[in-house]
Amino acid sequence: MHQKCLQKDYTEYINQFLFETLWSSPFLRGPNQHLKKTEKASAVSDSVPNQLKNHLLRELPQEELSDIVGCLEWGEMYAMEHCSKPGEALEHAFFPESGLISLVTVLNDGSSVETATVGKEGMTGVSLVLESLQSPLEVYCQINSNGWRLKAADLIRLEKAHPQF
């Protein structure tokens with residue numbers, strides 16, 4: 001009797017976990033919906049720079065930060081959601097405020113290896129700074145994340161206007 005009770009509790013736990021995992025799956029939401037709630041940073045408030053958790057954005061000089069804030073959009077990504085695949089055009093750079101993004105190198109034989117992880121200390125889309133408009137890596141959200149996204153064209157324009165950026 002005791003064993004059946006434990007088995008039932010364990011089964012209910014597993015079923016709840018699977019339901020929550022599948023319900024948040026990007027496959028159920030459809031493709032290319034990885035940033036759900038977006039809004040312009042300038043519309044959020046003028047105090048956005050004081051509230052930034054992303055280290056790269058927070059450490060920008062005030063002049064550069066004031067130029068970039070108007071281009072930022074707030075968004076959310078969900079676990080296991082793909083942001084880009086090798087060879088795809090990069091549309092945005094993402095500056096996480098929370099969560100974790102994985103950068104994965106896909107090898108010639110089809111296997112893959114995680115090259116880096118990005119959290120609130122960094123950004124995705126670094127190849128845009130080198131003016132490469134295609135992703136050399138597979139990029140996906142490892143842990144539910146939220147943060148700021150910046151259009152590729154805006155990042156390139158801002159980098160040219162502010163070389164320190």
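## A first look

Of the 165 residues in this protein, 36% count as buried, meaning under 20% relative accessible area, while exposed means over 50% and partly exposed lies in between (1.4 Å probe, protein chains only). The model is a predicted one, so to speak of local features requires pLDDT of at least 70, and side-chain atom pairs count only at pLDDT 80 or more, whereas totals for chains, interfaces and linings use all residues. Residues are numbered from 1 along each chain as its sequence is written, and side-chain values use heavy atoms, with hydrogens and water left out.

## The overall plan

You will find eight helices and five strands here. Both are DSSP runs numbered from the N terminus: helices are H or I with at least four residues, strands are E with at least two. Along the sequence the order reads α-α-α-α-α-α-β-β-β-β-α-β-α.

## Strand 1 and its partner

Strand 1 covers residues 73-77, and because four of its five residues are buried, the rest of the structure largely encloses it. Strand 1 pairs with strand 5 in the antiparallel sense over five bridges; pairing requires that DSSP finds at least two bridges between two strands. One of these bridges joins G75 to G147 in strand 5.

## Two helices with buried residues

Which residues of helix 6 are buried? They are E64, L65, I68 and V69. These residues lie on the same side of helix 6, because they cover an arc of only 130 degrees around the axis, an arc taken from the directions from the helix axis to the C-beta atoms. An α-helix has 3.6 residues a turn, so residues three or four places apart point the same way. On the other side of helix 6, Q62 and E63 are exposed.

Helix 8 (residues 152-161) has A152, D154, L155, I156, L158 and E159 buried. Those buried residues pack against helix 6 (62-69), strand 3 (92-106), helix 7 (126-129) and strand 5 (138-151).

## The cysteines

How many disulfides does the whole structure hold? The search finds zero, where a disulfide is a pair of cysteine sulfur atoms within 2.5 Å. For C141, the closest cysteine sulfur is in C83, 6.5 Å away and too far for a bond. C141 is buried at 0% relative accessibility, and C71 is buried too, at 13%.

Note on methods
Contact means heavy atoms within 4.5 Å.
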